[in-house]
Amino acid sequence: MSSFVLLSFAIWLSFVSCLLSSSQARWHHHTKQKHSHHHRHGYISHPPSLSPSPSDSPDDGDYINDTNIFDVRAFGAIGDGIVDDTEAFKMAWDTACQSEDDSAVMLVPYGFSFMIQSTIFTGPCHGYLMLRVDGTLMPPDGPDAWPKNSSRRQWLVFYRIDGMSLEGGGVIDGRGQKWWDLPCKPHKGPNGTTLPGPCDSPIAIRFFMSSNLTVHGLKITNSPQFHFRFDGCKTVHIDSIHIKSPGLSPNTDGIHIENTNGVEIYNSVINNGDDCVSIGSGSYDLDIRNITCGPSHGISIGSLGVRNSRACVTNITVRDSVIKDSDNGVRIKTWQGGYGAVRGITFSNIHMDNVRNPIIIDQFYCLTKDCTNQTSAVSVSDIQYTNIKGTYDIRSPPMHFACSDSVPCTNLTLSEIELLPAQGDIVLDPFCWNAYGDLQTLTIPPVSCLQEGLPSSINFNNDNEYC
């Protein structure tokens, strides 16, 4: 009899062990970790699929017994796309953020559409927090529906978070069309005219003064302005996301980085009306890999130095990516009158497909026709272009190095560059102005305008003193 009891107990213990193992396997919680950069050179990897595959629709039963999962519906969210669910989201966030668990999940469930107003989700939290979006999130529909007392410059803000992931198979829909149609926006009609009036438009998702962040798997569409913005953040990992808005939607940068370091942007697809990725001042240690970009304005460092400001950007790598049907490819743009430095930049293994200005440095960046000449400039040095091949739009030369009269571009290195016209057989000559560097291999077309060595007199004061 005792042996029978022992056998029954062993079978029961085995069953419980399997059940716990299955439950744990259902959710993978990210732990805090630093993402190190390993810049390996190689061939262009296959571009990511047109859209990261959404996860299968979860069964509500998966969440019933998980005490660390906080479904927004349990806090009163309706999810019909009409009712304002803002307060329910705030309560769910506060509860998950202060949960005693080392990791908590705030769940936006599949099959529901939640409308929420401009909201700041604040940390620090007790442990690591996952915001799992399997359904749809959306703001009020346009300026007229936006509450008068809410910020028109941002929608979803995550502030002072240390350890968070934003992920899932759902959609974040910015409903940007009515914002793009404001009379103040840059129009593509006759004479490109705009009209005066209020013009603030919200950034869809902003992370501010936060660290150890992961964004994975989501689809973000139709932001009124930038889709993502990271300000004052460190250790950011972005992987397998799809950002999409129309090619003529104004100022809809995919991912904007400002005063942020330790960023990885991998395996993602971005089509929008502005830069796929834009890198602002104070940013360093960025690795961008396997991005399919376009239609868009390309991948840009800048604009920097606006209104005579200081700007420093260092150690940026863009590699193993595809840029197609875009106004620019890889670009560095600075305003006259600024100061500081852009240096230690690598663009490698990039395929261009019908891109206007595939390689461009523009130190005379200006949004109007009346910018005055100034002697001060953000210095641009130590820029490496390797294995950049493909086709360019013949409206502009394939390479454009327009450098400051007083602060020339230096140490530009080119190797294995092959850029041919997308139409016709006439190969345009590259453009250079006050640009110095080295051709390590023959290029197509030849870059005979690039000057060798260093200029006889050069002022590095901006670089050394301010960055």
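This is a predicted model: local features need pLDDT of at least 70, side-chain atom pairs count only at pLDDT 80 or more; totals for chains, interfaces and linings use all residues.
The protein has four helices and 30 strands. Of its 467 residues, 52% are buried. Among contacts with a separation of 6 or more, 77% join residues 24 or more positions apart.

The largest nonpolar core contains 93 residues. Within this core, the residues with the most contacts are Phe207, Phe228, Phe230, Phe347, Tyr385 and Phe401. The core lies between domain 1 (66-274) and domain 2 (307-458), because both domains give residues to it. Leaving aside residues up to four places away in sequence, Phe228 touches Leu166, Ile205, Phe207, Val215, Ile220, Ile241, Ile243, Asp253, Gly254, Ile255 and His256. Phe207, one of these partners, is also on the list of core residues with the most contacts.

Arg206 is found in strand β11, which spans residues 203-208. Its relative accessible area is 18%, and the cut-off for buried is under 20%, so Arg206 counts as buried. What does the side chain of Arg206 make a polar contact with? The partner is the side chain of Gln154, at 3.1 Å. Not counting residues up to four places away in sequence, Arg206 touches Gln154, Leu156, Val157, Phe158, Arg229 and Asp231.

Glu264 sits in strand β18, residues 261-271. Glu264 is buried and has no salt bridge. The nearest side chain of opposite charge belongs to Arg319 and is 7.1 Å away, whereas a salt bridge requires the nitrogen and oxygen to be within 4 Å. The side chain of Glu264 does make a polar contact, at 2.8 Å, with the side chain of His237.

Elsewhere the structure holds 13 salt bridges. One of them joins the side chains of Asp141 and Lys178, with an N to O distance of 3.3 Å. Asp141 lies in the loop between β7 (136-138) and β8 (154-159), and Lys178 lies in helix α3 (residues 177-180), so the pair ties together parts that are 37 residues apart in sequence. Asp141 is partly exposed, at 29% relative accessibility. Lys178 is also partly exposed, with a relative accessible area of 45%.

Another salt bridge is formed by the side chains of Asp200 and Arg153, again with 3.3 Å from N to O. This pair links distant parts of the chain, with Asp200 in the loop between α3 and β11 and Arg153 in the loop between β7 and β8, 47 residues apart. Asp200 counts as partly exposed at 39% relative accessibility, while Arg153 is exposed, with a relative accessible area of 55%.

Lys333 and Asp275 form a further salt bridge, in which the closest N and O atoms are 3.5 Å apart. Here too the pair links distant parts of the chain: Lys333 is in strand β23 (residues 330-334) and Asp275 is in the loop between β18 and β19 (277-279), 58 residues apart. Are these two residues buried or exposed? Both Lys333 and Asp275 are buried. Strand β18, at one end of that loop, is the strand that holds Glu264.

Finally, some salt bridges are joined into a network, which links Arg132, Asp134 and Glu167.

Key. Residues are numbered from 1 along each chain as its sequence is written. Side-chain values use heavy atoms; hydrogens and water are left out. A nonpolar core is a set of buried Ala, Val, Leu, Ile, Met, Phe, Trp, Tyr and Cys residues joined through side-chain atoms within 4.5 Å. Buried means under 20% relative accessible area, exposed over 50%, partly exposed in between (1.4 Å probe, protein chains only). Domain bounds come from an automatic or database domain assignment. Contact means heavy atoms within 4.5 Å. Helices (H or I, at least four residues) and strands (E, at least two) are DSSP runs, numbered from the N terminus. Lys and Arg count as positive and Asp and Glu as negative; His and the chain ends are not counted. A polar contact is a pair of N or O atoms within 3.5 Å; within protein, one must be able to donate a hydrogen and the other to accept it, and residues adjacent in sequence count only if both atoms are side-chain atoms.
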